[in-house]
Amino acid sequence: MAVTPPKKGDSEQLRAEALELVAEAHRAPSEEVQLRRESFRTRSAEHAQALRVAERFLELTRDIDTGRYGRITAAQGHVDLYLARVAEHGRLLTTTFLVVLASFSLWWMNTERLSGEAVPTARIAEAVGERFATGPRQRRELTLADGSTVWLEWDSAIEIRFRSGERRAILHRGMAAFNVSSDAERPFIVESADVRTRVTGTEFIVDARYSDRVDVSVLEGEVQVRGRGPQIATLSAENTITVAQGKVGRVAHRPLSELGQWRDGMLVFEDRPLLDALRAIEPYTRYRIDIDGVSQHEGRVSGVFFTDQADDALFTLLETHRLVGERIGARRLQVRTASPPP
């Protein structure tokens, strides 16, 4: 009997079912639960993908450093509350009910590490000498002629130019992750605005979604970053740097668990400053977020959030940190401190 794939509008409910199955398997593993999970996996490609994302979600949440928060035994209650809200409203309200803080998920800390298989995306072979783009809520995976792989995030555009002594990619807008095949004779250069990132073979991310800066982060290996001037910064794994107005900033550390998870549709924060988290969430929301009024806020965020529920995550984070967002026009959101109760 043929299985009908779920409709697009059912994707959030499907993910909730997958999260519930995976959580149950970790809480009380049994042959019956395992059979139900495998039955769910084989129903369709969409079911299998939802299960992979759910497993990766739990793995990432478990891996977040929670030492500074201590154990909170109400974790399972927050998971159950989240799933109850799904059942009540027929949709996912926000993943932040699960993991506003990573400590809300410590109840599966001792489980075996999952493989974290990537969610499949569109693949295009021999992508050379062409321009590729994605629209809103669309991701794309490209395989280049040299065996390198490029992942494009939502609303991104890239141009590939290979020559005999050089491999070059021009990121016109958006964000891209690169897994570059090693070739000492042909360096791989990524250009975005005034920023040049040079490698021979490694894995890194270039984020050009903001008008005033370009961010470069390294997952593996080493890259060299240059702005308008002669200064060159060398980055290794778990390093990130911002080039603002063509000026190279300082190299900073970013946990590997935070980097590149958007390829699986997730954002991961490990004790990140709240204002940094809001900037990271902003491109996935419908708003341009103005945080000038709370620029001195010292709140911090640890958690895992789904990018396609960024609006819900945004407002839950604001509420959690006693902030409010005032809508100005159709797209601007001005963040300010909440008024104290009378």
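**Salt bridges and cores: worked exercises**

Arg56 and Glu59 sit three residues apart in helix 3 (residues 45-63), so about one helical turn separates them. Helices here are DSSP runs (H or I, at least four residues), strands are runs of E with at least two residues, and both are numbered from the N terminus. The model is predicted, so local features need pLDDT of at least 70 and side-chain atom pairs count only at pLDDT 80 or more, while totals for chains, interfaces and linings use all residues. Residues are numbered from 1 along each chain as its sequence is written, and side-chain values use heavy atoms, with hydrogens and water left out.

**Exercise 1.** Find how the side chains of Arg56 and Glu59 meet, and say whether each residue is buried or exposed.

*Solution.*
- Step 1: Side chains of opposite charge can pair when their charged atoms come close.
- Step 2: The test for a salt bridge is a side-chain nitrogen of Lys or Arg within 4 Å of a carboxyl oxygen of Asp or Glu.
- Step 3: Arg56 and Glu59 form such a bridge, at 2.7 Å from N to O.
- Step 4: For burial, the cut-offs are under 20% relative accessible area for buried, over 50% for exposed, and partly exposed in between (1.4 Å probe, protein chains only).
- Step 5: Arg56, at 14% relative accessibility, is buried, and Glu59 is buried at 4%.

**Exercise 2.** Work out which parts of the chain the Asp308 and Arg15 pair links.

*Solution.*
- Step 1: A salt bridge joins the side chains of Asp308 and Arg15, with 2.8 Å from N to O.
- Step 2: Asp308 lies in the loop between strand 18 (300-306) and helix 7 (310-320), while Arg15 is in helix 1 (residues 11-27); these distant parts of the chain are 293 residues apart.
- Step 3: Asp308 is partly exposed, at 24%, whereas Arg15 counts as buried, at 10%.

**Exercise 3.** Which residues touch the most other members of the largest nonpolar core, and which element gives the most to this core?

*Solution.*
- Step 1: A nonpolar core is a set of buried Ala, Val, Leu, Ile, Met, Phe, Trp, Tyr and Cys residues joined through side-chain atoms within 4.5 Å.
- Step 2: The largest one has 31 residues, and Phe269 and Leu314 touch the most other members.
- Step 3: Elements supplying at least two residues each include strand 16 (266-273), helix 7 and strand 20 (332-337).
- Step 4: Helix 6 gives the most to this core: six residues.
- Step 5: There is also a second, separate core of 30 residues, with Val150, Phe204, Val206 and Val243 among them.
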